[in-house]
Amino acid sequence: MEKIIIIAIFTEAIWETLKMIKKDKYFNIDRIGAILVSVFMCIIFDFDIFSTYLGLTKINYIGNILTGILVSRGSNFVHDILGTVSSMYQSRKTA
């Protein structure tokens, strides 16, 4: 059940981030740049929240790309979401 909740949170966050790309008929170059840099970094360093914290099966680059989109939201957002996921992961390990 907790994986469903976490994936729902991630899905919402990813969708809200992608919606920020275009605003009032114009593309937000800063948002696009942040997404591209974040995705690049997550691919280079092989960072994938979905396989690392949720134990989901890794599909080449998909987890890295989705993680990069989340990371592009900024450090406060990522810190909060990773804290939530980590606490759920730790409670599952001790149970």
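Helices (H or I, at least four residues) and strands (E, at least two residues) are taken here as DSSP runs, numbered from the N terminus. The structure is a predicted model, in which local features need pLDDT of at least 70 and side-chain atom pairs count only at pLDDT 80 or more, whereas totals for chains, interfaces and linings use all residues. Residues are numbered from 1 along each chain as its sequence is written, and side-chain values use heavy atoms, with hydrogens and water left out.

The protein contains five helices and two strands, which follow the pattern α-β-β-α-α-α-α along the sequence. Its C-alpha trace spans about 50 × 25 × 20 Å along the principal axes. Of the 95 residues, 27% are buried (under 20% relative accessible area with a 1.4 Å probe, protein chains only; exposed is over 50%, and partly exposed lies in between). Among contacts, defined as heavy atoms within 4.5 Å, those with a separation of 6 or more are made to 61% by residues 24 or more positions apart.

Helix H4 (residues 62-71) has as its buried residues Gly-63, Asn-64, Thr-67, Gly-68, Ile-69 and Leu-70, and what covers them includes helices H1 (2-19), H2 (29-44), H3 (49-53) and H5 (75-94). H2 and H4 pack at an angle of about 135°, with their axes 7 Å apart; axes are lines fitted to C-alpha atoms, for helices over the stretch in contact, and angles run from 0 to 180 degrees between N-to-C directions. The two helices H2 and H4 are therefore oblique to each other, given that angles under 35 degrees count as roughly parallel, over 145 as roughly antiparallel, 65 to 115 as roughly perpendicular and the rest as oblique. The contact is formed by Ile-35, Ser-38, Val-39, Cys-42 and Ile-43 of H2 together with Asn-64, Ile-65, Thr-67, Gly-68, Ile-69 and Val-71 of H4.

Asp-48 is located in the loop between H2 and H3 and is buried, with a relative accessible area of 2%. A polar atom of the Asp-48 side chain lies 2.9 Å from the backbone nitrogen of Phe-50, and the side chains of Asp-48 and Ser-51 are joined by a polar contact of 3.3 Å (a pair of N or O atoms within 3.5 Å; within protein, one must be able to donate a hydrogen and the other to accept it, and residues adjacent in sequence count only if both atoms are side-chain atoms). When neighbours within four places in sequence are left aside, Asp-48 is in contact with Lys-58, Gly-63, Asn-64 and Thr-67.
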